[in-house]
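My entries follow in the order I made them.

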Amino acid sequence: MKKYLFLVLCVLICVMTAGCKSNKQSPVITPTATPSGIISTTLDKQRPSVPETKELTIYTISSDFSELVETYVLLAKETDINSRIVTDNVVESLSDISLDVKICGVTEANGRVVVDFASDCPPAKDVSMNVEELILDAIAQSILDNISDSVEVGFTMEGNDYRSDNLHLEKTEAYLKK
């Protein structure tokens, strides 16, 4: 009985996979005549197009949380670099070292960029004063270096003054200026 069950199972598997079709396309072989008259063949590999990119220089925090380090991210060439793009890339780089920073919004007006943080996570919670300042420095310096119209960066927390266990910044106060 076990042999019969095994045989039926094998037949079912063969029947089920017999109709499967591979999504891979076969390469095209193109015959080409050379100047000496010898015909050669070339394999026409279907290469996916690679989008053109540009580098964005940002700051992040070293893995030992001791200093700011400059790093580069690649963006699609057509990406319009603005303060939100810069901030999002800094936040993403900070997540690489397990800092879960949440941004509520980024606004720009008259050369002033304001980054609004959530109050329940870093930089406002669960980090030392040194790490909090490094997070704020990374974001502010990255914005000032990449956004030519920016002259100062300020921080708020959920639309109000920036308040943490370590720092207090008024809503209108500049954290860093050019």
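**Entry 1: salt bridges**

Which residue's side chain does that of Glu52 meet in a salt bridge? I am working with a predicted model, and in it the partner is Lys77, at 3.2 Å from N to O. I then placed both residues: Glu52 sits in the loop between strand S2 (39-44) and S3, and Lys77 in the loop between S4 and H2. The two are 25 residues apart, and the pair links distant parts of the chain. I looked up the exposure of Glu52 and found it exposed, with a relative accessible area of 52%.

I counted the salt bridges in the structure and got 4. Among them is the pair Asp88 and Arg84, whose side chains meet at 3.0 Å, N to O. Asp88 and Arg84 are about one helical turn from each other because they lie 4 residues apart in helix H2. I noted the general point that residues three or four places apart in an α-helix point the same way, because there are 3.6 residues a turn. Asp88 is partly exposed at 34% relative accessibility, and Arg84 is partly exposed at 32%.

I also noted Lys102 and Asp100, whose side chains form a salt bridge at 2.9 Å, N to O. Lys102 has a relative accessible area of 39% and is partly exposed; Asp100, at 44%, is partly exposed too.

**Entry 2: cysteines**

How many disulfides are there? I found 0. For Cys104, the nearest cysteine sulfur is that of Cys121, 7.9 Å away.

**Entry 3: overall layout**

I listed the secondary structure and got 3 helices and 10 strands. Read from the N terminus, the order of elements is α-β-β-β-β-α-β-β-α-β-β-β-β. The protein has 178 residues, and 33% of them count as buried. I put the accessible surface at about 11900 Å², with 54% of it belonging to carbon and sulfur atoms. Among contacts with a separation of 6 or more, 50% come from residues 24 or more positions apart.

**Entry 4: the nonpolar core**

Which members of the largest nonpolar core touch the most other members? In this core of 36 residues they are Val115, Phe117, Phe155 and Tyr162. I checked which elements supply at least two core residues each, and they include strand S3 (53-61), strand S4 (68-76), helix H2 (83-95) and strand S5 (103-109). H3 gives the most, with 9 residues.

I followed Val115 further. Beyond its neighbours within four places in sequence, Val115 is in contact with Thr87, Ile103, Gly105, Val106, Ile139, Ile143, Gly154, Phe155 and Thr156.

**Entry 5: helix H3**

I went back to H3 for its length. H3 has 18 residues and reaches 26 Å from its first C-alpha to its last, close to the 26 Å expected. Its buried residues include Val131, Leu134, Ile135, Ala138, Ile139, Ser142 and Ile143. Glu132 of H3 is buried as well.

How values were computed
Residues numbered from 1 in each chain as written. Predicted model: local features only at pLDDT ≥ 70, side-chain atom pairs only at ≥ 80, totals over all residues. Heavy atoms only, no water. Core = buried A, V, L, I, M, F, W, Y, C linked by side-chain atoms within 4.5 Å. Buried < 20%, exposed > 50% of the residue type's maximum accessible area, 1.4 Å probe, protein only. Contact = heavy atoms within 4.5 Å. Expected span 1.5 Å × (residues − 1). Areas by Shrake-Rupley, 256 points an atom, 1.4 Å probe, with all protein chains shown as cover. Disulfide = S-S within 2.5 Å.
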